[in-house]
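Subject: Structure handover

Hello,

Here is the structure for your files. Please open it alongside this message.

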Amino acid sequence: QLGDFGFWPRHDMGNVFLKTLQKELEALGRVLYWLDGNHEDHPMLSVMMTRKDEEGFAYSKKYPNIRYSGRGHIWTWGGRQLGSLGGAASVDRQWRTEGRDWFPGERITEWDTVGFAGNELDVLLTHDAPQGAAVSSTFPAPAADKELAAAGWRILRGVVESTQPQVVVHGHWHQRKMSTIT
């Protein structure tokens, strides 16, 4: 899952979602893997997702079938090298309330990319799009918020350039588009 997953464990609706999902995953014998979007309770990730599985995915004792990739995480599935980098700047932050539906820690930072150094990837999974991807928006965001978003795009572009993935998949823009980043 590519972000804006609904990790809001401090809210009743968030708890119902996580408990229901955990129950369904257990019944199916499945595990769900996700990376964080900008609309997650970021401070609670480090509080709750304290256990690690054999591939380095984080999970909580309470929700063992819901696995969080973390930022800058690299793993191998089916002989392919994958990496994940969640997060994005909320350009709708002015309409949200901190601690209720906006949380610090949403933006991608250079620190989040340290784990990618010296690694090549087959696939990069992200929440936001790297600079140069064919995405567009007419959302009326303030210039300062647009610049925070653009900083994240530039960081992601740097990750793409350094890891050379064949495919980058992202979810933040709610658009189905394909593009080549040159």
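This is a predicted model: local features need pLDDT of at least 70, side-chain atom pairs count only at pLDDT 80 or more; totals for chains, interfaces and linings use all residues.

Residues are numbered from 1 along each chain as its sequence is written, and side-chain values use heavy atoms, with hydrogens and water left out.

Whole chain

The protein chain contains 3 helices and 8 strands (DSSP runs numbered from the N terminus: H or I of at least four residues for helices, E of at least two for strands). Their order along the sequence is α-β-α-β-β-β-β-β-β-α-β.

The radius of gyration of the protein chain is 16 Å, which agrees with the value near 16 Å that a compact globule of 182 residues would have. That radius is taken over C-alpha atoms, and the globule rule is 2.2 Å times the number of residues to the power 0.38. Along the principal axes, the C-alpha atoms fill a box of roughly 45 × 45 × 30 Å.

Of the 182 residues, 46% are buried (under 20% relative accessible area, with a 1.4 Å probe and protein chains only). Taking contacts in the chain with a separation of 6 or more, 72% are between residues 24 or more positions apart; contact means heavy atoms within 4.5 Å.

Helix α3

Helix α3 covers residues 143–163, 21 residues in total. From first C-alpha to last it reaches 30 Å, close to the 30 Å expected at 1.5 Å a residue (the expected span is 1.5 Å times one less than the number of residues). Its buried residues include Asp-145, Arg-157, Ile-155, Leu-156 and Val-160. Among the elements that cover the buried residues of α3 are β6 (80–85), β7 (123–126) and β8 (167–169).

After the helix

Gln-164 follows α3 and has a positive phi, near 50°. Pro-165 sits in the loop between α3 and β8. Is Pro-165 buried or exposed? Pro-165 has a relative accessible area of 15%, so it counts as buried. Leaving aside neighbours within four places in sequence, Pro-165 is in contact with Leu-121, Asp-122, Val-123, Leu-124 and Val-160. Leu-125 is 40 residues from Pro-165 in sequence, and their C-alpha atoms are 9.8 Å apart.

Regards

Conventions: Buried means under 20% relative accessible area, exposed over 50%, partly exposed in between (1.4 Å probe, protein chains only).
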